[in-house]
Amino acid sequence: MEKQEKYLDGLTIRFAGDSGDGMQLSGTQFSNTSGAMGNYVNTFPDYPAEIRAPEGTLYGVSAYQIQIATKEISTFGAFIDVLVAMNASSLKVSLPKLSKGAVIIANESGFGAKNLKLAEYETNPLEDGSLSDFEVHSVPIVETMKEVCADLEMSPKFIERTKNLFALGIVYALYSRDSEHTIKWLNEKFGKKPVVLDANLRALKKGMEYTAVNDEFTTIYKVEKSEVEPGFYRNITGNEAAALGLVIAANRANMHLFLGSYPITPATEILHFISGYKKHGVKHLQAEDEIAGLTSAIGASFGGYLAATTTSGPGLSLKVEAMGLACILELPLVIIDVQRAGPSTGIPTKPEQTDLLMAMYGRHGDAPIPIVAATDAADCFNMTIEAARIALKYMTPVILLTDGYIAQGTNAFKVPHIEDIPEMSPTFATDPETYQSYKRDPETLARMWAVPGTQGLEHRIGGLEKEDITGNVSSDSENHQLMTNLRQAKVDGIAKDIPLLQVHGEQSGDLLILGWGGTYGAIKDAWNDLRCDGKVVSRAHLKYLNPFPANIEEVLNNFDRVLIPELNMGDLKMMIQGKFLKRIIGLNRVDGLPLQTNVVYNKVVELLESKEG
Amino acid sequence: MKNVLDSVLEEKHQGSFEFTAKDLKSGADVRWCAGCGDFSVLAQVQRIMPTLGIAKENIAVISGIGCSSRFPYYMDTYGMHTLHGRALAIASGLKIARPELSVWVATGDGDCMSIGGNHFIHAARRNVNMNVLMFNNGIYSLTKGQYSPLSLKGQITKSSPLGVLDDPFNASALALGAGSSFVARSYDKDAKLMKVVLERAARHNGFAFVEIYSNCVIFNDGAYDGYTTKENRFDNTVNLEHGMPLVFGKDLEKGIKLDGFRPTVVSLTDGKHSKDDLLIHDEADTTLAAILADMTYNPTVPQPMGVFHAVDRTPYDQRTTEQLEHYAIQPGAGDMNALLKGNDSWEIK
Ligand SMILES: Cc1ncc(C[n+]2csc(CCOP(=O)(O)OP(=O)(O)O)c2C)c(N)n1
Ligand code: SF4
Ligand SMILES: [Mg+2]
């Protein structure tokens, strides 16, 4: 039977199964292939909280969701158009998010009596008619693969493991994905294990054939290429991007890099990546706790390194005292906080933006520290470099806020050439005639930086208040006022050195949506939808939280009403209200999810109708 | 472009090796109370440093918080007065980054063994190459006299008016248990011993822990008099010397003999024992080190002073350097473009 061809603007696909089913691999390959074919992609892995949850259970489902599109998209998709379900539980947990008429590719052998029981199904949903709203394809993947691999010296258990590639083959053919990228990748990955390679290649091919020859599939879909800027691309998680950012920042500053860190979800991968960069000269210490993570970095910074620490909420709490020390020492440091749901252990794997006020005010004494935030996975790279630039130029610790969503989700990263990333030029003092430890650059107010090993510049720094210029210990009252003012003025002065806040849409009017950090994608997609639907609303997004961009007050005053959607109970809202005495409408969600596009959309529609505020 | 740190360090390479104890005085007023034991540590440190063959600019002194932790302010070296308990973690970061530096840590008994206990055991375990001087005055002095983890059971302090209920740490046993490759003890009133111990610590390639009994004249005066005064030290301390029998007493008329694993005092003049019966000190013997540490709170034997234990073990900072050197010659080392591109990229033409 001739199949029809149909063009789609884009689609959201979810691969779901057990931890051991290889769903992350299928998802990564689908997104990388789509990226390579010139589509916009955005992904999010959804791991179970348990390390090896019992097979087939509802709480053990591991999934990977991808949105691909011809036009630019910034989220992994609110509703699922295609579900690959390896077992009954993965179908059940995904059902509430399926769009009407969604395609379900179900692995038949994952719906046996045991699986149904684990998923708490009385009857088989593939057979009982309960999925009549959807296009269901129940596929005997495992049986087919056993036949296909009968001649290979492979145990049935290993043959079964190829089912993720079979499923990938089905959707590749159905959505006209080019298998070349994955074949190349498989060859590289399994080159040394010819039998495994052979089985996986057969699975991919058989899956594609399955779609081609099977009359159930009446239509083949295509997603047209986007107008993507030419160049090299890769999918990158925010954590990998941050790790890369640290190495590249050190390279552009011609400095050595040190990371002191203690493992914590969802920040740990930064430590993993950094520890794998040994051949690039990176030093790291897996410290005994988060305090030592930061304090060892302070030691390395004193020694003239670009030093960093990485953590999440509970760890940030432990670092608070040492952040105050770094502030008064005026040593450069990058502190990356991958925010997660709190308080306490909270929901470690879920994103929030609930550390903003702690980053801003969570220290004793007046201890201003610059704060920047990344908007998406790839932006973690830019903002890590930016944090390092500010730290080195102004001799200050800088906090970079990301979150569990952008840290673990991916989007396409346009690979820059190293020479295209601006150089930084930190300088160390060398002249004993002019050196004084708290003498400042008149422009930046950064103090002079002298490193141990420099002859004649021996000096002491520490947590006790220091006399202006000389750096001698001082408890003089006027001096303390002066030093407090200087530390504040130095941070405030960074406003001159960062981009202005850009408004998208009308530059003034009734309603502005103001976001910050990792909610960028959801707000942007919601705003695009609103504009398409003819709504008059503008948007702006903050990446600099301390100091704010120089024009922020002007932007705020250009709008009658300002809506701040954020994943907390009103942190930025409070900062803005407090600083600018402007009443803000909050859209505050702490539901463990990344901000949802439709939540923003609906709130704006409601506001436009009600004139509330 | 050359690494900025490397070029600054190369530029100033001649190094100031010719300096004296006086050159190590920072000029800041030393604010310890008259008679404070910490003065003697400062004096000996300033005396030995010029003799170590280390350029003055390559010395860094890091401290925590406490009376004793004011130490770096009095030294004309690179220095950092940090947070209560965190000196060892900061010093570890500095040493790992800059293994060529001579890193010294000044810390109190509270700073090191209470709030900083976690950093202490891990720095010892990792064998970060630095010299840790723990000023043990058996009290929290800066905060005006509360008991510390090294105060004795029953001790009356501001926060234990009816006597301390907990047992103290045995500092040297704790250090040994944590894997410290060098463990020693000295005290404020014996300048000669202190000098020897500090020199040994400075020359040790690895984590060197020195417990120093230092008298706080204000909040715990006389705490160590039973061992440290001229009248008492001969009978109540025994100076350890590698390869030598443990003898003590004004005329070296007594010795320590092992009875099983139990050290006992024997007389060398009553005709029953000779030096040949005595315990011979071996700094490399871990079992012996544990026995010596255990003598600390044993009232039937004198307190060991000097180097309990010293073994060679590659320090963590050196291992870090060696690992990087090994990887620096691997294919692709330093290739930032390859790193940026990763191993699963695609090209849009
Ligand atoms: C986080 C923190 N907690 C408590 C203190 C108060 N504090 C300062 S020094 C000190 C104890 C000092 O005792 P020790 O380390 O033995 O030093 P000493 O003064 O006896 O030399 C305490 C509790 C502090 N500075 N910081
Ligand atoms: S209070 Fe005690 S420890 Fe502190 S300076 Fe005075 S004598 Fe020394
Ligand atoms: Mg003390």
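**The magnesium site**

Along the chain, the donors of the magnesium ion (ligand 3) follow the spacing D-x27-N-x1-I. B:Asp109 lies in helix H4 (residues 109-115) of chain B and B:Ile139 in the loop between strand E4 (131-136) and helix H6 (171-177), so this pair ties together parts that are 30 residues apart in sequence. The structure is a predicted model. Its protein donors to the ion are B:Asp109 (OD), B:Asn137 (OD1) and B:Ile139 (O), at 2.0 to 2.1 Å. B:Asp109 and B:Ile139 are both buried.

**Chain B as a whole**

Chain B has 12 helices and 12 strands. Its C-alpha atoms fill a box of roughly 95 × 45 × 45 Å along the principal axes. Of its 349 residues, 55% count as buried. Among contacts in chain B with a separation of 6 or more, 67% come from residues 24 or more positions apart.

**An open sheet in chain B**

Three strands of chain B form an open sheet in the order E8-E9-E10, with antiparallel pairing. Strand E8 (247-248) and strand E10 (262-267) stand at the edges with a single partner strand each, so one side of each is left without a neighbour in the sheet. Strand E9 (residues 254-259) of chain B pairs with E10(B) over 6 bridges. Within this pairing, B:Asp259 has B:Arg262 as its bridge partner.

**Where chain B meets chain A**

In the interface, 70 residues of chain B are in contact with 81 residues of chain A. The area buried between the two chains is about 6,400 Å², and carbon and sulfur atoms give 63% of it. Which three residues supply more than any other three of the area that chain B buries against chain A? They are B:Tyr78, B:Leu340 and B:Trp346, with 15%.

Polar links also cross the interface. The count is 38 residue pairs in polar contact. The rule finds 3 salt bridges. One salt bridge joins B:Lys56 to A:Glu458, with the closest N and O atoms 3.6 Å apart. Several elements of chain B give two or more residues to the side that touches chain A, including helix H1 (4-11), helix H3 (87-97), helix H11 (316-328) and strand E12 (345-348). H11(B) gives the largest share, 7 residues.

A:Glu458 also touches B:Thr77, as do A:His459 and A:Arg460. B:Thr77 sits in the loop between strand E1 (59-63) and E2 of chain B. Is B:Thr77 buried or exposed? Its relative accessible area is 0%, so B:Thr77 is buried.

**Strand pairing across the chains**

Strand E9 (residues 231-237) of chain A is mostly covered, with 5 of its 7 residues buried. E9(A) runs antiparallel to E12(B), joined by 4 bridges. There, A:Arg234 has B:Ser345 as its bridge partner. E9(A) also pairs with strand E16 (residues 410-414) of chain A in the antiparallel sense. In that pairing, A:Asn235 stands opposite A:Ala412. Such strands pair through backbone hydrogen bonds.

| Strand | Partner strand | Bridges |
|---|---|---|
| E9(B) | E10(B) | 6 bridges |
| E9(A) | E12(B) | 4 bridges |
| E9(A) | E16(A) | 5 bridges |

Conventions:
Residues are numbered from 1 along each chain as its sequence is written. Chains are lettered from A and ligands numbered from 1 in the order in which they are written. This is a predicted model: local features need pLDDT of at least 70, side-chain atom pairs count only at pLDDT 80 or more; totals for chains, interfaces and linings use all residues. Side-chain values use heavy atoms; hydrogens and water are left out. Donors are N, O and S atoms within 2.8 Å of the metal (3.2 Å for Na, K and Ca); water is not among the atoms, so sites may look incomplete. Buried means under 20% relative accessible area, exposed over 50%, partly exposed in between (1.4 Å probe, protein chains only). Two strands pair if DSSP finds at least two bridges between them. Contact means heavy atoms within 4.5 Å. Buried area is the accessible area (1.4 Å probe) that two parts lose on being put together, summed over both. A salt bridge is a side-chain nitrogen of Lys or Arg within 4 Å of a carboxyl oxygen of Asp or Glu. A polar contact is a pair of N or O atoms within 3.5 Å; within protein, one must be able to donate a hydrogen and the other to accept it, and residues adjacent in sequence count only if both atoms are side-chain atoms. Lists of a residue's contacts leave out its neighbours within four places in sequence.
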